[in-house]
Amino acid sequence: MTKQFILIMADTVRKDMLGCYGNPNMHTPNIDRLCAQGIRYDNAYSCQPVCGPARSAIFTGVFPHSNGVVANSLPLGDNVKTIGQRLTDNGIHCGYVGKWHLDGGDYFGNGRCPEGFDEKYWYDMKLYLDELSDEDKLRSRQSATAFSPDWTEDKTYAHRCADRAIRFLQENRGTDFFLTISFDEPHGPCLCPAPFNTMYNNTKMPPSRNYADDLSTKPFMQTLWAGKDADADPETLRVAGGGLSLFLGANSFMDYQVGRVMEIIDREFPDAMVMFTSDHGDMLGNHRVQMKNAAMYKEIANIPMIIRGGEKGKVVRAPSSHIDIVPTVMEYMGLPIPRLLEGRSMMPQIHDTSIRINNYVYTELPAMKWIMTVSVACR
């Protein structure tokens, strides 16, 4: 029997940006359907709620303080192995399509496929930019471009990532493989065509007492981070206007591209294990701040995690972590789990959700010497 594991990632997706996590205002039918076919993890945490460090833990199985990526634009340590290297060393084909952010370069990457992944399918953001004209390179970083009639779906990074992932699947039907599809969306500039670019005008995010936090008991840095929102009416912070509306639209556009990939998975890879997650969340006005920074609020650290391939329609409320992904993939592939990995395989839990893998999990900000322990009662 072939062993095929497909990891689908998005960038900057909170749990309440998905319908399956209880927000009826979010249009994410494809991820919601995946959730209905598998397991939803309610207390999954990023190892560090920042792009590069979060990804470093996902793809190495060791924390940022161990692998060297304690901040963005830092490379993995020379002696650190990725899951791609570990699997390729054991004859398992590995493809990676999308944002990487672990080569020590800038946000877009350096265009070079790292060891362990098949160069034929490698497609980081640098390679995407290389396909565009000089004019379109600039336009691809401007949110206003989402409203240009000529910036059609086929020009977006999400669409081209989905295309390449579909090609990988079409060309590797009978082989053991590990495929990652790493969408940059909904991360800014949030480019998405109609109808996604306007579908969330005036939508409200779920109510939370965190919007009214006056920050009086928080580090002064957070007041500076809040800027003009430090004195804003809490209700106005919930309304999706301007940038927030487009951000949520890009999230639904990402879901649409997930649907394109899931169509071939459902048809031709029904036994594959499929995981969806996000590197971290976004504050979206909670605690009066936006995006992410040196903080560990649940809005950015408590991420969605969905797994199809074991029990169906179940919810796990025990703590779980990105640090557990590499050992899970290793066990799924029938390989020994290296002792140096800092997480645990979730495979027993995937097939029996009553099993508790973790009593607590960690998320960290090593540069700030902050570590948060998350312990959640199993209900």
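These are legends for close-up views of a predicted model.

A note on all views. Residues are numbered from 1 along each chain as its sequence is written, and side-chain values use heavy atoms, with hydrogens and water left out. In this predicted model, local features need pLDDT of at least 70 and side-chain atom pairs count only at pLDDT 80 or more, while totals for chains, interfaces and linings use all residues.

**View 1. T28 sits in the loop between β1 (4–11) and α1 (29–36).** Helices (H or I, at least four residues) and strands (E, at least two) are DSSP runs, numbered from the N terminus. T28 is buried, at 1% relative accessible area; buried means under 20%, exposed over 50%, and partly exposed in between (1.4 Å probe, protein chains only). A polar atom of the T28 side chain lies 2.9 Å from the backbone nitrogen of G19. Not counting residues up to four places away in sequence, T28 touches M17, L18, G19, N251 and D255; contact means heavy atoms within 4.5 Å.

**View 2. Helix α2 (residues 51–60) is mostly covered.** Ten of the ten residues of α2 are buried, among them R55, I58 and F59. What covers them? The cover includes β1, α3 (64–67), α4 (83–88), β3 (93–98), β4 and α11 (325–332). Just after α2, look for G61, which takes a positive phi of about 80°.

**View 3. F5 and Y332 form one of the 19 aromatic pairs found in a search of the whole structure.** Rings of Phe, Tyr and Trp (its six-membered ring) pair if their centres lie within 6.5 Å; planes under 30 degrees apart count as stacked, over 60 as edge-to-face and the rest as tilted. With ring centres 5.6 Å apart and planes at 75°, F5 and Y332 are edge-to-face. The pair links distant parts of the chain, with F5 in strand β1 and Y332 in helix α11, 327 residues apart. F5 is buried at 1% relative accessibility, and Y332 is buried too, at 9%.

**View 4. Y107 and F108 make an edge-to-face pair.** Their ring centres are 5.6 Å apart and their planes stand at 85°. Y107 counts as buried, at 18% relative accessibility, whereas F108 is partly exposed, at 21%. Elsewhere, ring pairs link F59, Y96, W100, F117 and W122 into a cluster.

**View 5. The largest cavity has a volume of about 120 Å³.** On a 1 Å grid over the protein atoms alone, a cavity is a set of points where a 1.4 Å probe fits but cannot get out, and lining residues have an atom within 4 Å of a point. Grid points are joined across faces, edges and corners, and the volume is the space filled by probe spheres set on the points. A search of the whole structure finds two cavities of 30 Å³ or more. Of the 13 residues that line the largest cavity, S140, R141, Y157, D184 and E185 are the closest to its centre. The elements giving two or more residues to this lining are α5 (125–130) and β4 (177–186). By class, the lining of the largest cavity has six nonpolar, four polar and three charged residues. Ala, Val, Leu, Ile, Met, Phe, Trp, Tyr, Cys and Pro count as nonpolar, Asp, Glu, Lys and Arg as charged, and the others, Gly among them, as polar.

**View 6. The second largest cavity holds about 30 Å³ of space.** Its lining is made up of N30, R33, L34, Q37, M262 and D266. Both α1 and α9 (243–268) supply at least two residues of this lining, and the largest share, three residues, comes from α1.

View 7. The Q349 side chain makes a polar contact with the side chain of Y41 (3.3 Å). That term covers a pair of N or O atoms within 3.5 Å; within protein, one must be able to donate a hydrogen and the other to accept it, and residues adjacent in sequence count only if both atoms are side-chain atoms. A polar atom of the Q349 side chain also lies 3.0 Å from the backbone oxygen of I355.

How values were computed. 1 Å grid on protein atoms, 1.4 Å probe; cavity = no way out; pocket = protein on both sides within 12 Å on 5 of 7 lines; lining within 4 Å.
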